[in-house]
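Colleague: Before I use the terms attached to this model, I would like to go through them with you and hear what each one rests on.

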Amino acid sequence: MWMQKQSKYENMAYVALWGLLFAAPLLSLYVRTTGDDGMAFNWQEAFMVWRRLAVFLLIFLVHNFFLAPLLIHRQKRWQYVLLTVCMIGLFTFYQCQQRPPMAHGFNHEPPPFELREDFPKHREDGPRHPDYFPKHHRDVPPAIIGEHDIIAIVILILMLGANLGIKGYFKTREDQKKLLRLEKENLEQQLEYLKYQINPHFFMNTLNNIHALVDIDAEKAKSTILELSKMMRFVLYEGDKKGVPLTREFGFIRNYITLMRLRYTDKVQISIDLPAQTPDLMIPPLMLITFIENAFKHGVSYQHASFIEVKAEVQGDTLYFSCRNSKAEKSNEEKGGVGLANVKQRLKLLYDNDYSLKIQDDSDVYSVQLTIPLS
């Protein structure tokens with residue numbers, strides 16, 4: 001099917017343009033009659049202009065709804081060119097047929113000088129001026145295409161080009177909207193997949209901690225389960241949201257660190273500095289916990305003194321987060337997993353280039369500095 005559905009804005013643009021064209025002769029007549037009291041409003045003149053505009057409007061409708069979609073939407077260039085050239089040829093033929101008839105025929109003899117109105121009077125016996133005897137000539141036949149015909153064809157071609165330009169603009173605009181919609185849907189699907197990965201990954205590490213505590217201290221294991229239930233409530237009811245209040249995210253981090261304190265001895269110095277009062281701003285859930293998890297996973301040594309420092313500061317609508325930890329000679333758990341790679345991908349998807357993540361991996365200290373805007 002050639003006809004392509006147009007947006008309402010494109011239709012409104014065409015209606016406005018053609019409305020102005022059809023209103024132009026009325027406006028011109030109004031201006032002339034108001035400036036000259038002796039001149040009457042001649043509707044016949046307006047009807048004559050409208051009749052010629054109607055031909056252009058008909059061609060425009062055929063081109064807009066049937067021919068232009070071949071090029072803009074279906075990319076059939078040769079079909080479009082062939083049909084458009086044929087349409088312009090038919091218009092040229094019609095234009096030539098509308099030319100007024102000639103006053104005289106072709107190749108006829110001129111009338112005698114005595115019968116011409118411009119033949120000068122002279123005396124019968126007087127000499128005649130040489131100009132009284134113009135050279136004999138024949139009428140030149142009219143050209144196949146006149147000046148007005150060429151102007152009409154040029155106007156037609158410009159009209160078709162403008163139609164292509166407007167239709168191409170709205171097509172590009174619609175394609176951009178579709179692309180943005182697809183990108184948004186793809187972004188949401190990727191984020192949902194990443195969240196689906198976060199929850200099992202986090203609980204796997206937490207359950208490993210509880211398993212270790214059961215054999216060490218049963219009472220601590222019970223306290224750990226209570227802390228875990230608080231965190232599960234957060235993940236269950238907040239983890240699938242696009243954003244959570246800073247207060248709840250910081251509370252989740254405090255619960256996690258409280259849980260981890262139960263597992264380690266005083267050899268591990270854990271420092272946490274989170275604002276007690278936070279502004280009413282939102283942050284993507286479970287965004288910061290991965291860095292803290294990695295600190296406990298790779299930075300705690302049972303043989304040597306270790307430290308973990310977590311700090312967050314809010315300035316305006318920007319969060320400054322840092323996490324530093326000592327490096328164990330050997331990680332307490334297997335390396336790999338989805339944690340750090342996951343959070344990097346989330347940051348890229350959510351903030352594009354509007355964030356800063358600096359990771360410094362020295363021989364004995366591992367540090368992370370994250371700056372993100374808050375909504």
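Modeller: Let us begin with helix 2 and helix 3, which are roughly antiparallel to each other. Please keep in mind throughout that this is a predicted model.

Colleague: What makes helix 2 and helix 3 roughly antiparallel?

Modeller: Helix 2 and helix 3 (residues 77–97) pack at an angle of about 170 degrees, with their axes 9 Å apart; angles over 145 count as roughly antiparallel, and therefore the term applies to this pair.

Colleague: Which residues make the contact, and how do they divide by class?

Modeller: Helix 2 contributes R52, V55, F56, I59, V62, H63, L67, A68, L70 and L71, while helix 3 contributes R77, Q79, Y80, L83, T84, M87, F91, Y94 and Q95. By class, the contact of helix 2 with helix 3 has 13 nonpolar, four polar and two charged residues.

Colleague: Why is helix 1 called roughly antiparallel to helix 2?

Modeller: Helix 1 (residues 8–35) and helix 2 (residues 43–72) pack at about 165 degrees, their axes lying 10 Å apart. Because that angle is again over the 145 cut-off, helix 1 is roughly antiparallel to helix 2. The crossing of helix 1 past helix 2 is right-handed.

Colleague: Which residues of helix 1 meet which residues of helix 2?

Modeller: From helix 1, E10, Y14, W18, L21, F22, P25, L26, L29 and R32 meet W43, E45, A46, V49, W50, L53, A54, F56, L57, F60 and N64 of helix 2. The residues of this contact divide into 16 nonpolar, one polar and three charged.

Colleague: What makes helix 6 roughly parallel to helix 7?

Modeller: The axes of helix 6 (residues 246–261) and helix 7 cross at roughly 15 degrees and come within 11 Å. Because angles under 35 degrees count as roughly parallel, helix 6 is described in that way relative to helix 7. Helix 6 passes helix 7 in a right-handed crossing, and the residues that meet are F252, I253, Y256, I257 and M260 in helix 6 and I289, I292, E293 and F296 in helix 7. In this contact there are eight nonpolar, no polar and one charged residues.

Colleague: How many cavities of 30 Å³ or more does a search of the whole structure find?

Modeller: The search finds two, and the second largest cavity holds about 30 Å³ of space.

Colleague: Which residues line the second largest cavity, and which element gives the most to that lining?

Modeller: The lining consists of F291, N294, A295, C323, N325, Y366 and V368. Helix 7 (289–299), strand 5 (318–326) and strand 7 (365–373) each supply at least two of its residues, and helix 7 gives the most, with three.

Colleague: What is the make-up of that lining by class?

Modeller: The lining of the second largest cavity has five nonpolar, two polar and no charged residues.

Notes: Residues are numbered from 1 along each chain as its sequence is written. This is a predicted model: local features need pLDDT of at least 70, side-chain atom pairs count only at pLDDT 80 or more; totals for chains, interfaces and linings use all residues. Side-chain values use heavy atoms; hydrogens and water are left out. Axes are lines fitted to C-alpha atoms, for helices over the stretch in contact, and angles run from 0 to 180 degrees between N-to-C directions. Helices (H or I, at least four residues) and strands (E, at least two) are DSSP runs, numbered from the N terminus. Angles under 35 degrees count as roughly parallel, over 145 as roughly antiparallel, 65 to 115 as roughly perpendicular and the rest as oblique. A crossing is left-handed if the near helix is turned anticlockwise from the far one by less than a right angle, and right-handed if clockwise. Contact means heavy atoms within 4.5 Å. Ala, Val, Leu, Ile, Met, Phe, Trp, Tyr, Cys and Pro count as nonpolar, Asp, Glu, Lys and Arg as charged, and the others, Gly among them, as polar. On a 1 Å grid over the protein atoms alone, a cavity is a set of points where a 1.4 Å probe fits but cannot get out, and a pocket is an open set with protein on both sides within 12 Å along at least five of seven lines; lining residues have an atom within 4 Å of a point. Grid points are joined across faces, edges and corners, and a volume is the space filled by probe spheres set on the points.
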